[in-house]
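Let's take a walk through this protein together, starting from the inside and working towards its aromatic rings. Have the model open as you read.

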Amino acid sequence: MTDKKIRLDIFPSQDPFILPDSSVPGSTTLRGKVALQLEKPTKLCSLSLHLKGHAELVNANWKPQSFKHLSRQKLTEVCVNFFKSNKDSYMLTAGTHMFDFELPISNHLPESVHSNYFDIKYKLVVMAKRHLSTNVIATKPLTISRVSEDSDEVEPSISISKIWDHVMGYDIFMKKQVSLGEIVPIEYTFRPVRCGIKIDKYSHTLCETVRYVDPKTNHTKVEHKRIPLACNPSNGHSNTKLVHLNMPMNLQPDVNSDMICAKHKLEVKIYVECRGQKKSITVSFPVSFMNEHELLLAEPLPRYEETEYSRSLPPSYQNTQSTA
């Protein structure tokens with residue numbers, strides 16, 4: 001803000017704003033309202049709203065060629081005008097003026113990301129222009145997230161049932177979508193093919209692959225990380241074990257865009273002892289790390305509880321109607 005007599009506010013209908021899978025052509029519309037509050041009648045030349053997005057370098061160890069000597073790269077700028085005049089000014093009365101907006105946002109834009117080398121950020125900027133006076137500007141950060149086209153088909157849990165030849169059958173059950181720092185239970189069920197087979201121990205390793213891409217030159221940097229996970233085994237039946245895994249905090253949540261792609265898998269190694277011999281088998285499967293915005297979207301809706309007003313208009317509106 002640059003003028004206490006003029007106040008601007010931006011109210012997007014969605015924040016975070018969800019885009020479909022990047023393979024979907026076209027754009028998705030962001031809707032919302034802009035509030036303009038005037039202490040006194042004021043002349044304005046124009047009122048406009050902009051969506052601005054950029055990629056900003058945070059680590060000089062890898063600098064894409066498209067950034068050249070700049071620390072940030074423009075990704076998009078979309079503008080809508082509520083009113084505009086090149087010569088005359090519009091006189092607006094004192095009070096609050098509300099303006100609805102619709103901004104088309106390309107489905108191919110990368111989602112908001114914080115990574116080891118660059119951040120992708122978006123913001124909404126509303127600007128009120130005046131003749132021979134300072135423009136009034138207000139900004140609001142906007143998070144853009146994405147829902148994969150197959151998100152509705154993704155199973156919420158991982159269930160594996162296999163045979164280890166001449167040793168045992170085993171089942172592994174774990175939820176597929178996890179969050180950073182979460183303690184995640186993983187359940188094992190074992191079916192030895194003969195007596196004398198003893199489960200010795202387990203080990204769990206989280207594997208992360210992050211691919212960074214310069215969208216203009218296609219120059220790529222790939223980083224791999226392997227993190228042994230601490231676990232807390234729980235008591236169970238002889239052939240059923242429950243283990244709690246401590247997920248790390250220093251990971252890149254899953255993302256898939258033109259500039260960055262991050263994926264994870266869990267490697268489980270099971271050690272057994274049979275008649276003095278030690279054997280092991282490794283099983284791996286993908287897991288999905290959600291960011292804080294996806295966690296909010298994944299939360300179940302609150303349970304609807306009927307109240308005395310839930311079947312009728314609120315009392316404040318009823319009173320207004322009766323006095324009208």
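Which residues touch the most other members in the largest nonpolar core? They are L36, L47, L49, F101, L103 and F118, in a core of 44 residues. A nonpolar core here is a set of buried Ala, Val, Leu, Ile, Met, Phe, Trp, Tyr and Cys residues joined through side-chain atoms within 4.5 Å. Strand β10 (residues 118-129) gives this core its largest share, six residues. At least three residues come from each of domain 1 (6-146) and domain 2 (157-290), with bounds taken from an automatic or database domain assignment. There is also a second, separate core of 32 residues, and V167, M168, F285 and V287 are among its members.

A quick word on what you're looking at: this is a predicted model, where local features need pLDDT of at least 70 and side-chain atom pairs count only at pLDDT 80 or more, while totals for chains, interfaces and linings use all residues. Residues are numbered from 1 along each chain as its sequence is written, and side-chain values use heavy atoms, with hydrogens and water left out.

Stepping back, the protein has two helices and 23 strands; these are DSSP runs numbered from the N terminus, with helices being H or I of at least four residues and strands E of at least two.

Now zoom in on L103. Leaving aside neighbours within four places in sequence, L103 is in contact (heavy atoms within 4.5 Å) with T28, T29, L30, L49, L51, V78, C79, V80 and L124.

On to the rings. Rings of Phe, Tyr and Trp (its six-membered ring) pair if their centres lie within 6.5 Å; planes under 30 degrees apart are stacked, over 60 edge-to-face and the rest tilted. That rule gives eight aromatic pairs. F83 and F99 have ring centres 6.1 Å apart and planes at 50°, so they form a tilted pair. F83 sits in strand β6 (residues 72-84) and F99 in strand β8 (residues 95-106), 16 residues apart. Both F83 and F99 are buried.

F190 and Y202 make a stacked pair, because their planes are at 20°, with centres 6.2 Å apart. F190 is buried at a relative accessible area of 2%, and Y202 is buried at 18%.

Terms used:
Buried < 20%, exposed > 50% of the residue type's maximum accessible area, 1.4 Å probe, protein only.
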